[in-house]
Amino acid sequence: MSVLIDSPVWPWRGRRWSHLVSDVSHEELHAFVAAELGIPRRAFQGDHYDVPEDLYDVAVAAGAQPVGARELLARLTAAGLRVRKRDRAAG
């Protein structure tokens with residue numbers, strides 16, 4: 001399993017958030033989120049889930065690998081799983 005999570009530094013609506021991705025497949029990511037975090041599938045953002053700060057430690061304890069934001073993006077891109085905003089709008 002290669003589920004990656006960056007630090008919860010992204011502010012939105014009074015909370016801080018992390019990005020959770022897989023550098024293997026979206027199916028792996030969906031399975032991890034459903035089994036370990038209980039975040040609904042409708043929260044999927046095309047190539048990642050936003051994870052609230054209070055679930056960061058839960059995700060890491062369940063096996064998500066903490067990485068920096070740049071490494072997360074590089075590995076997602078290298079795996080061919082990166083979806084840009086304009087690609088989401090076209091799909």
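User: Which residue does the side chain of Asp 23 make a polar contact with?

Analyst: In this predicted model, the partner is Arg 75: the two side chains make a polar contact at 3.0 Å. For the setting, look at the loop between β3 (15-22) and α1 (26-37), where Asp 23 lies.

User: Is Asp 23 buried or exposed?

Analyst: The cut-off for buried is under 20% relative accessible area. Asp 23 has 18% relative accessibility, so it counts as buried. Around Asp 23, leaving out residues up to four places away in sequence, you will find contacts with Ser 2, Leu 4, Arg 75, Ala 79 and Leu 81.

User: Where is Ser 25, and what does its side chain lie 3.0 Å from?

Analyst: Ser 25 is also in the loop between β3 and α1. A polar atom of the Ser 25 side chain lies 3.0 Å from the backbone nitrogen of Glu 28. With 18% relative accessibility, Ser 25 counts as buried.

User: How should I read the packing of α1 and α2, and at roughly how many degrees do their axes cross?

Analyst: Two packed helices are described by the angle between their axes and the distance between the axes. For α1 and α2, the axes come within 10 Å and cross at roughly 105 degrees. Angles of 65 to 115 degrees count as roughly perpendicular, and α1 and α2 are therefore roughly perpendicular to each other.

User: Which residues meet where α1 and α2 are in contact?

Analyst: From α1 come Phe 32, Glu 36 and Leu 37, and they meet Leu 55, Val 58 and Ala 59 of α2. By class, this contact has five nonpolar residues, one charged residue and no polar ones.

User: Now for Leu 76. Where is it, and how far apart are the C-alpha atoms of Leu 76 and Ser 22?

Analyst: Leu 76 sits in helix α3 (residues 69-78). Beyond residues up to four places away in sequence, Leu 76 touches Val 21, Ser 22, Asp 47, Leu 81 and Arg 82. Leu 76 counts as buried, at 2% relative accessibility.

User: What about Gly 63: which residues does it touch?

Analyst: Setting aside residues up to four places away in sequence, Gly 63 touches Val 3 and Phe 32. Gly 63 is in the loop between α2 and β5 (65-66), and its relative accessible area of 41% makes it partly exposed.

User: One last stop, the backbone. What is the phi of Arg 13?

Analyst: Arg 13 has a positive phi of about 50 degrees although it is not a glycine. You can find Arg 13 in the loop between β2 (10-12) and β3, where it is exposed with a relative accessible area of 68%.

Definitions and conventions: Residues numbered from 1 in each chain as written. Predicted model: local features only at pLDDT ≥ 70, side-chain atom pairs only at ≥ 80, totals over all residues. Heavy atoms only, no water. Helix = DSSP H or I, 4+ residues; strand = E, 2+ residues; numbered from the N terminus. Buried < 20%, exposed > 50% of the residue type's maximum accessible area, 1.4 Å probe, protein only. Polar contact = N/O pair within 3.5 Å; in protein donor to acceptor, adjacent residues only side chain to side chain. Contact = heavy atoms within 4.5 Å. Axes fitted to C-alpha atoms, helices over the stretch in contact; angles between N-to-C directions. Parallel < 35°, antiparallel > 145°, perpendicular 65-115°, else oblique. Nonpolar A, V, L, I, M, F, W, Y, C, P; charged D, E, K, R; others polar.
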